[in-house]
Amino acid sequence: MPEADAPTAAAPKPSKSAPQKAMEKLGLLRDIDLALHLPLRYEDETRLTPIADLREGVAAQVEGVVVDCQVELRSRRQLLVRLKDDSGTLLLRFLHFYPAQQRQMSAATRLRVRGEARVGFFGREMVHPVVKVVDEDTPLAQALTPVYPTSAQLPQAYLRKAVASGLARADLRELLPAGTVPAGLPSLKEALHFLHHPPPSASLAALEDHSHPAWQRLKFEELLAQQLSQLQAQRERALLAAPALRAGPGGLHEKLLAALPFTLTGAQQRVAEEIAGDLARPQPMHRLLQGDVGSGKTVVAALAAAVAIDAGWQCALMAPTEILAEQHFRKLVDWLEPLGLKIAWITGSVKGKARQKMLDAAASGEAQLVIGTHAVIEDKVGFARLGLAIIDEQHRFGVAQRLALRNKLKAGATEGHEPQAARGPAAPLEPHMLMMSATPIPRTLAMTYFADLDVSTIDELPPGRSPIVTKVFTESKREDVIDKIRGAVADGAQVYWVCPLVEESEAVDLRNATETHAELGAALPGASVGLLHGRMSPADKAAVMAEFSAGRMSVLVATTVIEVGVDVPNASLMVIEHAERFGLAQLHQLRGRVGRGAKASVCVLIYTPPLSDTGKARLKAMAETTDGFEIARRDLDIRGPGEFMGSRQSGAELLRFADLQEDAPLLVAARRLAPELLDRHPAAAAAQVRRWLGTKAEYLKA
């Protein structure tokens, strides 16, 4: 007989069904998640339409008795069901069906059917309608039927039941103090119940355009939770300790300014002073430096690095691509090494002894500046005294990478810093963080997703930059464009030709870079035509860019690896093939590779018709303006905030309901209320953030 205290085997965990896994993938984990999973649209199952009154192309619901059900072999096997009511007959056509469906719709069965009617050869018909077996006294729905966002593994019927159950269980108590919600809006509970089950009298237009007061209440709540989270993150950061970095008189900062071969613009001077002011404080800087392509952000970053190094600390600069990282490396080496600085270069392509040497230099503090790609945040990379982290093109990094950088770079030392009593005697120091972006942030976006950041803007281009003229042509004008390239090359100009693919793809019929490279090589005899794409080795990429930068290559055929960071002042013509396939921000970034010298520059956008409305809007914006801030505003109108956020939302929009353009008044009201709520009702503020963001609140701090 086994001993009484013998351990028993753990019961196996029940396996999850496909719908349960799909629910988790959609983030439907809590009752409140289900309650906030709102319908995409509604179907009206509250009324019946006589078959004789059906209108072509209009969705409607009918009820009748099956008079005939049979499988026919015409052009293909199909199930044909004839349904009759007092006004006429309707043919139901099923091109895909199972034997069980055929049995379900046998003769004399009463069916309630919903779909779009059309007039076919045999009269009125519906193709693949939604079918329900009913009795004569089966009641109609009392509210509009919601249709939810879902996936193939999650049937609507299953999801509707889950949402209804979650809505019934969710804690929908009012969290906001009386008088703080904008006038005329219902309670949260009333709003949610209305939106999940609107009565037949509800205005479908107001529901679909989200102007109904129930929608307005949800948008306000969502914006408020987002503002509270941002404000809380900002206040928490103010309690952290960071090294106070000040440039001494006659130090590296002043030497760099004196050694630069150009004078800073007024905008560069202003933002450099803003950053220096942040670095001098004993709290971690969390600043976004934004400026249009070519505005000179790199030199501002170099000056910030000089301040940190002057104060005896290290600086790390991380860029999303090796080409961009190397561009920074070359510039900073030229500016800083003559001043006696040691710079380390850490990327995935640096291997073996060379890599170990760089790692040792960073870990010992010998390397005062470390430049690289994602490799900078690998576990093996350590720093002796990291005081400043600079992230270029910050929206190109995922949430996990930015959080890893922030957590990894925490300095353990507290020397030279007197912590406040509230921080404790051994508070670790956090590095200052400077994030840079060549995608200007529209004001409404800055007020929401970047509300916890201080923003510095370089709104002035360096003198001597030539204006860029943008021209739009169809694919039929390709030969004319090649003729223009021939003339430009003969005049000593350099040309970029950008393609969206490297090799032929069966999925997308686009010209590829290798084919175009061969075509231009044949069309431009005697000219050096290079090829650059993401599948090349780092060494080969560097060799091609070196040839082009030195002026020994006339035409560079490339994929979007040249989107950011490439700086060749002699390049004055940019051709972007299949421009309709690129995002507006990406087109603007690519265009920014020309116009960096004194030569008049041209950007040619080649597209293949027909254009979608979105494609037309993008190309129209490119032709009408070169102002990055206006481009950003239009891109926000066209595509929403996702492009600007990058992966900050970790695959899910942090704002699901609010529209940054349409709901500006609600955003202003939420911004006004957030400090009051945090100060006077902290428990309610915390509950509001938990309800709406859950664990997503962490992403806003990244």
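## Terms and basis of the model

Contact means that heavy atoms lie within 4.5 Å of each other. Helices (H or I, at least four residues) and strands (E, at least two) are DSSP runs, numbered from the N terminus. The model is predicted, and local features need pLDDT of at least 70, side-chain atom pairs count only at pLDDT 80 or more, and totals for chains, interfaces and linings use all residues. Residues are numbered from 1 along each chain as its sequence is written, and side-chain values use heavy atoms, with hydrogens and water left out.

## The six-stranded sheet

Six strands form an open sheet with parallel pairing, in the order E16-E21-E20-E17-E19-E18; two strands pair if DSSP finds at least two bridges between them. Strands E16 (468–474) and E18 (529–532) are the edge strands, each pairing on one side only.

Strand E16 pairs in the parallel sense with strand E21 (residues 601–607) over seven bridges. Within E21, Val604 is the bridge partner of Lys471.

## Helices on the sheet

Helix H15 (residues 478–490) packs on the sheet and touches E16, E17 (494–498), E19 (555–558), E20 (571–576) and E21. The direction of H15 makes about 150° with that of E17; axes are lines fitted to C-alpha atoms, for helices over the stretch in contact, and angles run from 0 to 180 degrees between N-to-C directions. Helix H16 (residues 513–523) lies across E17, E18 and E19, and runs at about 175° to E18.

## Strands E11 and E12

Strand E11 (residues 343–346) pairs in the parallel sense with strand E12 (residues 369–372) over four bridges. Leu369 in E12 is the bridge partner of Ile343.
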